[in-house]
Each structure stands twice: as C-alpha cells, then as structure tokens.
Amino acid sequence: MYCNHRAEHATPPTRSSYPLDGSSPGHKWIKSLTNDRAGQFTGGRWSSLNLSSVLYTERIDDKKYVELSVWSAPGRSKPTFEEAMRNKFKPAKKGDHFGPSWTNHWWKVKLHVPTAWTKYERVQFEFDPSCEAMIFDVHGTPLQGITGGWGGERRVEHIIPPAAVKAGIYEIVIESSCNGLFGVGDSIEPPNNNRWFGLWTADIVVPNMEAWRLMLDYNTLRQLSDNLPGNSPTQNHALVLQNKIMNTFRNDDPSTIAQCRKIAEEILGEGWESKGADIYDKNVDALIYGIGYCHIDTAWLWPYSVTQQKVARSWTTQVDLMNRYPEHRFTCSSAQQFKWLEQLYPAGFKAVKDKVLAGKFHPVGGAWVEHDGNMPSGEALIRQNLLGQRYFQSRFGVRCVTAWLPDSFGLSGALPQIFRLCGMKARNFFTQKLSWNNVNVFPHTTFNWTGIDGTQVLCHMTPVDTYNAQATFGDVRRGITNHKNLESSNTALLVFGNGDGGGGPLPNMLDSLRRIRAAANQTPDVPVVHMGTSVEDFYADIERDTNYGETLPTWHGELYLEFHRGTYTSHGSIKRGNRKSEILLREVEYVATMASLHGKDYEYPYDRINECWEKVCLNQFHDVLPGSAIGMVYEDAEKLYGEVARDGKQLFKEAVSAYMGNLIPIASVMEEQLALSNGKLVAFNTVHHARREVVEIPLKGPSATRLRKEVVQISKDGTRAYALMDGDDNAGGLLQAKGLSILAMQKGDDEFILTNSNISMTIKGGRITSLYDMILQRELLIKGMTGGLVIFDDRPNYWDAWDVEIFHLETREPLSFSKVTLAESGPVRAALRAELKLPKSTVKVTISLDATPATFQPNSRSLIRFDAEVDWHERHRFLKFELPLNIRAHDAYYETQFGHVSRPTHKNTTWDAAKFEVCCHKYCDISEFGYGVAFLNDCKYGASADGQFMRLSLLRAATAPDAEQDQGKHEFSWAVLPHATHFMQSDVPIAAQFFNSPLHVMYAPESGPLRLALPTVHKSPFSVEGAPNVVLETVKRGEDDTKKKLTRVVLRIFEAYGGHASATLRVASHLSIDRAYTTNLLEEKISALETSTHEATGDTLIKLDLHAFQILTVRLTISKVEMPS
C-alpha cells in the first residue's frame, strides 16, 4: 500500500495493468496537511533532521586556522585603506564587541586552510560582524561587501580562491562599520548613537553545494505552490514534488540529495542546470524582464559618509556576481555616487568602469541624485541632469536614456519635458512610488505620461510594486497578475535586489531566477522571465508592441502621490536653504556672465559655480530635501548650504566688482563698520523685469549719517531707514534711490489698519478681520470670518516626518496675536509688530504694507508682507497661515517648475479629496473672473485650498526619524497679493519672482573705478518683449566655452501661464551676435534662429514662438563686445 505520508524510505511497486482486486483502502490526499508539512523541510524544529542539517560539511574557527587583529579608527573618522594600514593592530577574536554607532574598525585576517580541503568544490570564509563591512585584498582593492545579521539581506560569505585553498594561506583586510543596512535605529525611530556590534562569525567553512542547490530547487517549488492559483495542475504538481522530496531525503544518506534534485526536474526540466546562463532562451518572448538594482538612499537613516561606503560595498559585490553569473545585468543611478566611488575607492571604480564598458553595469537616470520630484526649482532639475549626464559622458562615454525616480514622493508635471530635453532620446521613465497611494489606486502600469506642456514620456510603474524585489516566483508572477493594462502591454520590469540601504542582488536571487525560467520553459503557468538585457531593451519592446505608445493609456499632468504630504513642510531650515541657494546661484550666474562679457580680465568661474550646484543637487535627494532623514543628515546638509551661501556671496561680490566697479554692498558696510564718502545708494536688480520697491537700510555705525541723506523714511527707533528704489527701465540692472513720498497710513487703538491707495488690511482682536480693495471698494474676506495663523494636531498613522493625514484638518485651532504694536507709519512703509505665544513656542511677525504696487503692471496692487521670527518647540503640531477668501473657484493655482498646476478646491471625488495638502513653489492663487488673491512665500512648499480657505503651511514638529526636527529658531516670509484680474492675466508670477530675489542694495562712492554711467550696467543686454507670459529665467555662460575658446551665452526662457506666445528676444547692440541657436537642456544644438537688426538702436532681434509651458533654451555665440563710451 502506498501513501504520500508514509515513513519508509521506499517507492511503491510499479503496476503493469489495472488490478482486479479492490481491497486497498485507496488514497486520498489531504492537501492542507501536506502543504503544512512541506513548509518544514528547512529550518524550524526539525532542523537537526531536515535539509538544514546537511548544508555544511566542515567549519573551523580556532586561532590555529583563523588569525584576527583589529584597529579601531578614532571617533567617526573614515580613514582610507592606506591610512588604516599604517596603524598598530591588536589581536581580536569571535565574540568581541565594537562600537559605538557609526565608528569604523579595520581587520587583518590570515586564514590557514587545511590541506585536505582541496578536494571540496568550494571553501569560503564567513565573517559576520552583525553590521556592514567591506572586504579588500591586501593591496587595497575592494572585493565585495558584507551585510551581517540574520535578515533576508544577509551576505557574510566570501569565496576563498581555489589557488589560495591549494596554497593553504589566504590573507584579506576587512573594514567593518558600526551600522546595519538601515542605520542604527529601530525602524524609522531616531538612531541609537551608542549601539555596539558583535563579531558573531569568523569561520572557514565548506558548504555542501549540492545541498544548497537542493534548497534552491525546493524553495522554487515551494514558491510555485504558494503563489499559483489553488488547485491548478502546476500548483498541485509542485506541492506533490515537495512531498516526494521530503519522503526521499535522508540526512544520513548523501545520495538522496541527488535523488531529490532529480525529482525537482519534473518541473524544472531534465538537465536544466547544465545550460547555465543559456537557460534564458532569447527566442522565447519574455513577459518579465529582470534587472539587478541596488537602491542606495544617498542619505536617509544614515549620513552621506555612510552612503559612500554602502556604494563601494554594494557595487563591488555586483562586479563579483557578474564574474560568476554571465547573465547578470545591474543598473544604478546617481552620478554623485559614482563620483564618490571614483574619489574614495579608485580601484573599485575601475572595476565598475570595466563592467560599464562591457555592457553589464548600466548607469541609468542621468541625474546627479535620485532627487525629490516636487520641490527643486525648474533650473535645479535641469542642473540635476546637466551635471549627471555630463559626468556619465565624461567617465564612460555613455548617456543615460531612461529617467529613473522609483522612490520620489510624487512627480511634477514639468518633468516629461525636462527629461526629453536632457537627452532622454529613448523617451523612457521608470517610477514606482505611486503604488503607495493611501486613498486611490493608480490605474495604470505602462502608460504615456504627458506633462503640463504636452510633452510625453513612456512610463512604466512596475506591477511588482517594489524596486527591492527578492526575485521570488511571487515577485515574477505579480508582474503579470498586478499589471493594470495587460490589454495594451503585457510585459513588466522586475527590479530586484536588496535596497534602500544598499546591498543589491544576492547569489540566491540569480539562482532563483534561473530556476523560475527553467520552470517557465516547461509550463505556461509560469511567466517567462528573461535576464541578460537592459532597461532600454525592455522599453524598446514596449514601443514595438504598442506602436510607439499609440495603444497605451495616457495620464495628463502631475503624478501626485497620495501619501507623504508632510514632506512639503518638514525641516523648514532645509527648505529655506534649498530656495535661497537656488536663487543665489541664478544671480551669481547672471552677474558672472555680465562680468565675463564686460569686465576686464574676468573669467567665468565654471568650476566654482558647478561645485555649488553639486552641493545643492546633492541636498535635493528624495529623503533629504523632503525632511525625512535622521538629524545627522541635516547637520551635513546645513553645512553644505552654508558653504554654498559663503562661496556664492563671494562669487557674486567678485562678479559685481568686475562688472560695475567699486560698489560696496550695504551688508558689508554694516559688518565692517565702514565710513562712507559722498556717493549714491543703488540697488542691483537680477530679475529681468523692471521694478520699483521700498528697501530697508540699517542705520548704525559711521555710515548712518551719510545713509540718512539717501532715504525717504526713518524708523521710529532710528535703527532703520527705507529707501524707494526706482528706475524707468531697470530690468536686470541698477536702480537708484529716489526721494518720492507716497502716503501710507495706520490708525486704530485695539484695531490696527494698514492702508495705502489700493489695499487695506485690518487686524482686530489679534485676527485679520478685513482685507479690502480700496479701488474697487471690495471686501476680500468672507463676511463674519477671520484669517491669520492657525494650528492643527499632527499625528499621522505611522510615517511621522513624511505624512500629514486628512483628519488633521478636524483639529483646527485659530490663533490670535496677543500683542500688536505700531512699528512704522509711512510715508513709504507702514508696519505692525505682532506676537503670539504657544505653550512652548513664540511667534513674532512684522506685517508691512508699502506705498508701491507689487509690479509695474497696470492696476497692480500692493502686497502685504509677513516676516516671521519663530522660536519653535512644539511637538506634533502643524502651524499654517490661512485666509477665508470671498472668491469662489473650483480650482486653485500653484506654481510648479516652469509653470503652474491647477488643483481642486472641492472634494467631489476621492481623487479630489486626496489633494488636501499639495506642493507649491513661490506662489499659490485662488481666482474668479476679474479678481484673485495669491500667497507668495520665500521658502515654503506646502499649501492647500480647502473650499474658500487658502492656507500656506509653515512649520511641522515630527519626532521621527529626527527627534529634534524643526526645533529652534526660524525666519521666513510670506505675502498676500490681491490682484484685480484673474490669475491668468495677473502679475503674480513676476511678483513672486521679485519676492524671492530681493534687490541687492549697494553704495556707489563718487570716487573709484565705477561704471554707473554705462548703459550696460543699468539694464540687462538681454530682454524678452511682446509677450507678457514669457519669462527670461536664467542667463549663464555656455558649457565648455573655455575649452572651445568661444564666447557663448545661454538663456533659459519659458512660457509661464499656459498659452501660446510670439515673443522677441532683444540683444543690446554692443554685443555682436555671430550665431543663435535653440538647444536642448544639455546645450546641444537643435536648430538655428534667424536674427534681424533694429533700425533705430542696432539691437539684435530674434523672434521666438512658444507654446504652453514650453522651455526654450537659446544659445548665442558672441563674436565681439563693444563697450559703450
């Protein structure tokens, strides 16, 4: 009698015919019990009897065979191999502990391999320091990474070369670092900076390779039975074979291992293993494309310095695997990480470069880092790709053709155009994060993503729902079963390998995929997975199958992530550093370009500017700029922003001196306590629009008396003055102080009113009770409602620094200023000082109204400015500013890169309701026909329009992963700008640009090498005319001008409102234009532009046609610069 569960090690007799005798009780399979049993073939309570008991043949660890010595680097220092080797090492042993967190320890290892072990297929050294480590040869060449511990990412084995086994001696050096794959904390909690790690394993081991292969066979069968539909033939067959293997295996009979492996061939195919990498028959159409990947967060639960080590460990491990698995292809992004490897591990970089050139190691993405997809400015997104693509081209001779942002928290609708203009000729984009949506399920897998300007890219959002797939059959099958549009494209990308903290694919993953493909070669129930190709091959296959996207669905506009909405506000100081750095570098490039054209002996400082951009781009990584990293990361980030500010200001100062002569910044006058001679107060306008503004001038030190003569208003306490800077046509040039006096009034006792000829605001009882248009005599607030600061409870379900949930809106608490005083009463500026106290915090705000309108646009209103100083010590509270506006609109407008995006103010659908907190840049706006109100800001990114309430998010107070997030002092500004038109005809974008680019106030002595009389100083030689919706954003010198000995100027121009435009680019006559081209964002020629000459002025005119939100890059080759007399 035969039974599936019988204990005897035997097989049932073979029958030759159907018997007459029916006395047997028969055979009924109880599937659930068999399935439970099959889960106990490895590990568990039967580990002394099951397959686990025979996985190793030999293991030794005593000092006779394993000699260990160690040197611990001081503090958090990270010495090079050469530096470490110069130190004195001391004896060490298994069981020793090392720490604390983030320290580095160097080991010298000398192994004595028994002579008899030459007979074994493999001998390996297992080193488990319970943390991360790197193995070097004795000459300092990195060989592979180590990931200690017992998680799925564990890799502690290092194969001893056969020649060393034969010689009996093997020496290596190991650097262990006291952090795990995910830092030193508990999940997303703040790190434990006093964690110690133990050396648990330092053994020479002989693995039973056939037993390990059987385990992989068995695991594949197990995955098939666990993931295929219940009661399907292949699912049942896989379970039957597992049971049969368990009946066959005996741990005291090595021959049964081969018998068990033979049983597995019933599904894997006879002789499948002998094919090796050829198991992937290229003549069979694949459904799943496997590509190795190692997502290394450039910083997250660990600082930048640890990432540098993670890169070296992970990538050298992949080089090792490529040498063992010919089909292995590995892709990785982030030029910054390649540069770190090149600088810190040159031997490792050479090994990687060799594999890149061999077509096995694939750079992808083209960007400097995997950046945040929402908050970087448009120009910063261009620099991410300009820096990245130029790096890959210079080091490997390749250009990335697939944009790659799998983990960014939402994606701006400006990105498709930027990708296509940055050399992404294959039009590809890969992402994944929207699978994390917590309200709606994103409806597509493979689709055309069309940006705000109409540019589209071919987007794939892997249905495996992870970029850290473990290469299991469940992962492979999910690539089909979770695919949302199989009707138009039935292939999926399997991006596999340990990630976030690095590591990448493991050997067992590659072995597992070979077995899954072997099974697919036998049965159609298993999707065909293919290895040995690239991400670009995958996208090319989609293009062929969909007639280049024609049959695919299309998604228009931004890819909004319905999750992690708190990241627009977390870590306010980092948001400030980002915005201020982006603006500073734009200004530096403009004035440096002017100096290089007009200044004597001035060379454009390419390298110094690019070094600043690299730092800014690094800090835009998708866990740094969003505020979702540990505190140590922000110490590093703040330092980088400090360096950018210092170096950028110095670059600006040098360029201004070369361009304009001996101007003295007012800030320097105050800092250095300079005494001023006769001269003029001037201001440099770096924005390419004329402006008239009131500027604040400090009055202290020996310069105070002289400066008083240049201003029109002095503060009540005499410490400050206000000058009205004006000029008839000063776009991109100098403004001079004028003594124009425009009336501004304030009245009230408990009631405070700021008013001028066009706008008025009333504060009563500490709240804003009125916002009034004086010209139209229109109240802008909803009757009976007030505006001002408001605070909410902020306790997300889990992801503290990342998330704010919709239910926080149910805890709204209006705040009232407890103290309001009159600060300034005109004639050019009226101001109030207001203060409120929270249980643990103080908020001080200066609220001011100037006599001038926001811009020169007809009917422009004045903006009301709020300058806040906050000492913030709340926890899990969310501070915002709000106004209840008497304006009805179904959508609000929010600035995004090179344009704006409209989002609903209502909650008609769950898609609408999910956008209760969104990203904006310098402005957000609600408009109806004929009127609107905008909020401007200088460093904030979170906003919302909840019905008729418009809110600007100011500060959060999460406690994980940074326990001290946002604690301390903050300075930031915002403004309210009414406008007597709909947003589409308003001056909001220009006013927002002015608000973020303050005038540079300087003093021009009458004596000295000044150039104030030159028209080139008073106005930029570049201007755009005839189209108020077209903005000249960036002026810089062309890349490689020095190398090519050319004088080229690159202008970045874009359409800002969402319509067509026919504009004229005017170039001043003193610049002789030899050639004019449009280029891509890498400054490569697209087409020639026709030029003409203005009869009266001799200026060069270039006609430009733009469509909605189009980015246009114009490169001018200048043959001659004639300085006006």
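How much of the chain over residues 562-641 is helix, and how much is strand? Over that stretch the chain is 64% helix and 0% strand, with its end C-alpha atoms 30 Å apart. An unreviewed UniProt entry annotates residues 562-641 as "domain: Glycoside hydrolase family 38 central"; such annotations may be inferred rather than shown by experiment. Keep in mind that this is a predicted model, where local features need pLDDT of at least 70 and side-chain atom pairs count only at pLDDT 80 or more, while totals for chains, interfaces and linings use all residues. Residues are numbered from 1 along each chain as its sequence is written, and side-chain values use heavy atoms, leaving out hydrogens and water.

Let's turn to an open sheet of five strands, ordered β16-β17-β19-β18-β22 with mixed pairing. Its edge strands, β16 (402-404) and β22 (554-556), each pair on one side only. Strands here are DSSP runs of E, at least two residues long, and helices are runs of H or I, at least four, numbered from the N terminus; two strands pair if DSSP finds at least two bridges between them. β16 runs parallel to β17 (residues 428-431), joined by three bridges, and Thr402 stands opposite Asn428 in β17.

Now follow helix α14 (residues 535-545), whose buried residues are Val535, Phe538, Tyr539, Asp541, Ile542 and Glu543. Asp545, also in α14, counts as partly exposed because its relative accessibility is 46%; buried means under 20% relative accessible area, exposed over 50%, and partly exposed in between (1.4 Å probe, protein chains only). Asp545 and Thr491 are 54 residues apart in sequence, yet 9.6 Å apart in space, C-alpha to C-alpha. After α14 comes Asn547, with a positive phi near 50°.
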